[in-house]
Amino acid sequence: MNESLRTPFTKEIFERMVSEKLRLIRTEARLTQEQMADVIGLSKKTLVQVEKDRKTLGFTAAALVGVLFRNSEIVQAMFGDSTLEIVELLAFAEGNPQASELSDMEWIAHAQAKARYQSTGRRIWWKDEKIGQRYTKQSHILTGHFRIVDKDETLHYYGADSAEADAKLVQLEHSRHSQEKGE
């Protein structure tokens, strides 16, 4: 997908997507409206209004629903295995007065230790953009954010900036090449 034509994936889009599927998520989890309202910290009245498309959840409640129910089939169908990544990118990259000073990855690193974990969902949610000797840059087909995984599908980077992802891919490939040479 041409990056200049890509519509930015925003908090508002995320909020709307989750709000529109709230009733299905709740039903799949076998929760009553009262139980769901308690879980996500809303009044039952507000939950009913969201389920009837009269209002949306707001980003905080939508993020909570996305994270708490990230293994639900409904949420998986919307965001794949990337719900946590998407919420972090949206939460830390938008509207923060210091965001212009830090890259997406720096914000995420600030919020989360640089843990490495096995990623999944490659076949459905990720498109290979650049393939190196050991690492691959991929773009998420829904949100357009980028990640770099190694041949074992271990995550090494994610962020919204394509140029930053390219630079990280070069850095990782170079450091891996240097390690193999024993430098």
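**Figure 1. Overall fold of the predicted model.** Among contacts between residues at least 6 apart in sequence, 54% join residues at least 24 apart, a contact being heavy atoms within 4.5 Å. The structure is a predicted model, in which local features need pLDDT of at least 70 and side-chain atom pairs count only at pLDDT 80 or more, whereas totals for chains, interfaces and linings use all residues. Residues are numbered from 1 along each chain as its sequence is written, and side-chain values use heavy atoms, with hydrogens and water left out. The protein contains 10 helices and 4 strands; helices (H or I, at least four residues) and strands (E, at least two) are DSSP runs numbered from the N terminus. Their order from the N terminus is α-α-α-α-α-α-α-α-α-β-β-β-β-α. Of the 183 residues, 42% count as buried, where buried means under 20% relative accessible area, exposed over 50%, and partly exposed in between (1.4 Å probe, protein chains only). The protein exposes about 10,400 Å², of which carbon and sulfur atoms supply 50%; accessible areas come from the Shrake-Rupley method with a 1.4 Å probe, and for residues only the protein chains shown count as cover.

Figure 2. Gly 41 follows α3 and has a positive phi, near 75 degrees.

**Figure 3. Close-up of the nonpolar cores.** A nonpolar core is a set of buried Ala, Val, Leu, Ile, Met, Phe, Trp, Tyr and Cys residues joined through side-chain atoms within 4.5 Å. The largest one has 26 residues, and those with the most contacts inside it are Phe 14, Val 18, Met 36, Leu 57, Val 65 and Phe 79. Two or more residues each come from α1 (11–20), α2, α3, α4, α5, α6 (73–79) and α7 (83–93). Helix α5 gives the most to this core, with 5 residues. Apart from this core lies another, of 7 residues, among them Phe 146, Ile 148, Ala 165 and Leu 169. Not counting residues up to four places away in sequence, Val 18 touches Ile 25, Leu 57, Ala 62, Val 65, Met 78 and Phe 79.

**Figure 4. Close-up of the aromatic rings of Phe 14, Phe 59 and Phe 79.** A pair of aromatic rings is described by the distance of the centres and the angle of the planes. Rings of Phe, Tyr and Trp (its six-membered ring) pair if their centres lie within 6.5 Å; planes under 30 degrees apart count as stacked, over 60 as edge-to-face and the rest as tilted. By this rule the count comes to 2 aromatic pairs. One of them, Phe 14 with Phe 79, is stacked, at 4.9 Å centre to centre and 25 degrees between the planes. This pair links distant parts of the chain, since Phe 14 belongs to helix α1 and Phe 79 to helix α6, 65 residues apart. Phe 14 is buried, with a relative accessible area of 0%, and Phe 79 likewise counts as buried at 0% relative accessibility. Ring pairs link Phe 14, Phe 59 and Phe 79 into a cluster.

**Figure 5. Close-up of strand β2 (residues 135–140) and its partners.** Two strands pair if DSSP finds at least two bridges between them. Strand β1 (residues 126–131) pairs with β2 in the antiparallel sense over 5 bridges, and a hairpin through 3 residues joins β1 to β2. Lys 127 stands opposite Ser 139 in β2, while the bridge partner of Asp 128 is Gln 138. Strand β3 (residues 146–150) is antiparallel to β2 and joined to it by 5 bridges; here Thr 136 stands opposite Val 149. The hairpin of β2 and β3 has 5 residues between the strands, and Gly 144 in the turn has a positive phi of about 80 degrees. In β2, 6 of the 6 residues are buried, so the strand is largely enclosed by the rest of the structure. Tyr 135, Lys 137 and Ser 139 point one way from β2, and Thr 136, Gln 138 and His 140 point the other way.
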